[in-house]
Amino acid sequence: VYFVFVILVIVISIGSGGTFIGIRNITNVLRQTVWVGIMTFGACFVFCLGGIDLSVGSTYGAVGIVISTLMVNYKIHPVVAIIAGIALGAAIGFINGVLVYKIHIVPFIATMAVMTITRGLIEVATQGVPISGVDHPIMRFLGQGYVGVIPIPVIVALIFFVFCGYLLKKTRFGRYCLSIGSNTEAASLVGINV
């Protein structure tokens, strides 16, 4: 896979006259993919536990809708709107947890149902129309700001990457996640509350 990737980058770079591997294109690609990367860091813990969560993308969309609606329609300060969005994401995660671990619905089915319901609620709330007009210095800085040539979202993603990597590899919580995902019964036998 790595060999094919390197060959692909070389061929595309030659075909584009060198603009593909230029700093502007790399910055644009990073800026566009960083949001998926940040979601992936959180989902990593679910996968390490041996689970799956199909509702991550819909939750991400719902959080964005709540934050932008609060800011545009209700003129709520971005920090308060972001806290409300995080609370919504946590609530959806809690619902997934209850469905999977308390009601014992298979994670694939439970999270697919939550995904479908969340997408439906997004469609009803927005009527299929994008929310525009989010214009606040804090949001412009977080979404479009730079430190030197590095976009702020990339810096945020790197911070999340380091934090999640540390949490997974260097803490008891991370070791427990990996142990439970590897062998739930063995983890239980050594005293981990699975």
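Two rings of Phe, Tyr or Trp count as an aromatic pair if their centres lie within 6.5 Å. With that in mind, let's walk through this structure, which is a predicted model. A search of the whole structure turns up two such aromatic pairs.

Start with F41 and F161, whose rings sit 5.7 Å apart, centre to centre, with 50° between their planes. That geometry makes the pair tilted. To find the partners, look for F41 in helix α2 (residues 23-48) and for F161 in helix α7 (residues 152-170). The two residues are 120 residues apart, and their pair links distant parts of the chain.

Now move to the other pair, F45 and F173. How do its two members stand, buried or partly exposed? F45 has 10% relative accessibility, and it counts as buried because that is under the 20% cut-off. F173, at 46% relative accessibility, counts as partly exposed.

Take V6 as one member to look at: it lies in helix α1 (residues 2-15). With a relative accessible area of 43%, V6 is partly exposed, because this value falls between the 20% and 50% limits.

Conventions: Residues numbered from 1 in each chain as written. Predicted model: local features only at pLDDT ≥ 70, side-chain atom pairs only at ≥ 80, totals over all residues. Heavy atoms only, no water. Helix = DSSP H or I, 4+ residues; strand = E, 2+ residues; numbered from the N terminus. Buried < 20%, exposed > 50% of the residue type's maximum accessible area, 1.4 Å probe, protein only. Phe/Tyr/Trp six-rings, centres within 6.5 Å; stacked < 30°, edge-to-face > 60°.
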